[in-house]
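Please read the notes below alongside the model. They are given as numbered points, one topic to each.

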Amino acid sequence: MSLSQAAESAPAAPTVLCVDDEPNILSSLRRLFRPHGYRVLVAESGPAGLAILEQESVDLVISDMRMPDMDGAMFLEQVRTRWPDTVRLLLTGYSDVQSILAAINRGEIHRYITKPWDDNDIVLIVRHALERRALEQLAARQNEELRQLNLTLEAKVEARTLEIGKANERLKANFTTTIKILASTIEMRDAQLAGSSRRVADLSRRIATRMGLDAKDTQEVFIAGLLHDIGKIGFPDDVLTVPFNTLSGDKLGLFRRHPVRAAELLMPLDDLKGVAEILASQAERFDGQGFPAGLTGFSIPLGARIVALAADFDNLQHGVMVHQKLRADQAKQLVYDSSGKRYDPVVVDAFRELMDGASPEAIHDVAKLTGELEPGMQLSRDLVTREGLMLLPADHVLDERMIAQLCEYESKCDYRLSIRVWPHKENK
């Protein structure tokens, strides 16, 4: 480092302003402080001192008390008001008690020094005052730096929290999509099952909502509806593709194991523990004639009572329970007639309200042809094939590549897809 660079990096010498109407006092103070490395400025009156302060950066002021025009108390009061960071010292005689009190109250002086002073004492007082000022300024800078750091950290934490929240939402959406895809694979074995998982899940969710279940329990009921047939994976065709009221012997025994198999398949997933409990009891009956445990009434988990009704209502209409496919009104009446026997009366009442009372929740979406799709449009419902297999989940945002793939799919399968989107490209 060169001498010029060293000089530039060295801290500036403290500046001391001495104010007194006696020139010999000022000369004495200048001679006293200069050998200690201080930059010394002098003024012979209060107004002259204020003029210097307006032009110079001053670290410490020493002012005499008795001066014409403006005494030390008035001068130091002006210094405190206009340059509060400047350290203020007062020179006064032993008899000026009232003047000292005035300077303390009005000028908030750091110390007062009596005349005549001791050179060593006054040098120590000035040094300690400047050191204290330097420490206070350092603490103030560090506090400000800490405040800025805290603000930065808070902003980073807030941003990270928002990022984690978005990631969690994506994980939840991906999780539900994975469940829907899994449910679709179960249905590929039998054309009668196509779309069953979504229909059962939707009806189960609507019943749960009607009964006032909270969001967590309603979500578990919905997922259980999606996976209500997962225990049938691996069933031979002669068990899977025939109405289960016609089964007997070993085939019936195998079929009756599907609730337990479903619970076992989900056992490793802690997040689906509640869903597993629902699936394990989905074939129980309110009157105790169900399986696998023969549970009765309210000992059956509420979610299982809901899914059982929703699944049976769908199965009755698609030839899964009995050979004859029932019309919706016939299946509905059969459910009503089984209240208190096969089904929980409270669940049946909620189902009845949905079927005969208030209409299902309105979904204010719009139908679109593939040729009308635009990038940025968001699906309002799962996009499924005619066979009931899911192509895209609800809330998927379409881009040019996906729109082209949907157009190509339609041209190959030779039928139009039922596409529902939120209007005006809005996110719901």
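What volume does the second largest pocket have?

1. The second largest pocket has a volume of about 490 Å³. A pocket here is an open set of points on a 1 Å grid over the protein atoms alone, where a 1.4 Å probe fits, with protein on both sides within 12 Å along at least five of seven lines; its lining residues have an atom within 4 Å of a point. Points are joined across faces, edges and corners, and the volume is the space filled by probe spheres set on them.

2. The model is predicted: local features need pLDDT of at least 70 and side-chain atom pairs count only at pLDDT 80 or more, while totals for chains, interfaces and linings use all residues. Residues are numbered from 1 along each chain as its sequence is written, and side-chain values use heavy atoms, with hydrogens and water left out.

3. The second largest pocket is lined by 28 residues, of which F244, F255, F291, D312 and R342 are the closest to its centre. Helix α13 gives the most to this lining, with six residues; α10 (249–255) is also among the helices that supply at least two. Helices (H or I, at least four residues) and strands (E, at least two) are DSSP runs, numbered from the N terminus.

4. F291 is joined to P292 by a cis peptide bond with omega near 10 degrees, and P292 lies in the loop between α12 and α13. Another cis bond, with omega about -10 degrees, links K115 to P116, the latter in the loop between β5 and α6 (119–187). Most peptide bonds are trans.

5. The largest nonpolar core has 51 residues, and I207, L266, L279, L309 and F351 touch the most other members. Such a core is a set of buried Ala, Val, Leu, Ile, Met, Phe, Trp, Tyr and Cys residues joined through side-chain atoms within 4.5 Å; buried means under 20% relative accessible area, exposed over 50% and partly exposed in between (1.4 Å probe, protein chains only). Helix α13 gives the most to this core, with eight residues. Beyond four places in sequence, F351 is in contact (heavy atoms within 4.5 Å) with L203, I207, L309, F313, K332, V335 and Y336. A second, separate core of 22 residues includes I25, L26, F33 and V40.

6. Five strands form an open sheet in the order β2-β1-β3-β4-β5, with parallel pairing; two strands pair if DSSP finds at least two bridges between them. β2 (39–43) and β5 (111–114) are the edge strands. Twist from one strand to the next averages 20 degrees. Helix α2 (residues 23–33) packs on the sheet, touching β1, β2, β3 and β4, and its direction makes about 175 degrees with that of β2. Axes are lines fitted to C-alpha atoms, for helices over the stretch in contact, and angles run from 0 to 180 degrees between N-to-C directions.

7. Strand β1 pairs with β2 over five bridges and with β3 over four. V16 stands opposite V40 in β2, and C18 has I62 in β3 as its bridge partner. On one face of β1, T15, L17 and V19 are buried, as are V16 and C18 on the other.

8. G46, in helix α3 (residues 46–55), counts as buried because its relative accessibility is 0%. Not counting residues up to four places away, G46 touches V19, M67, M70 and F75.

9. D69 has a positive phi, near 70 degrees, in the loop between β3 and α4 (72–82). Its relative accessible area is 75%, so D69 is exposed.
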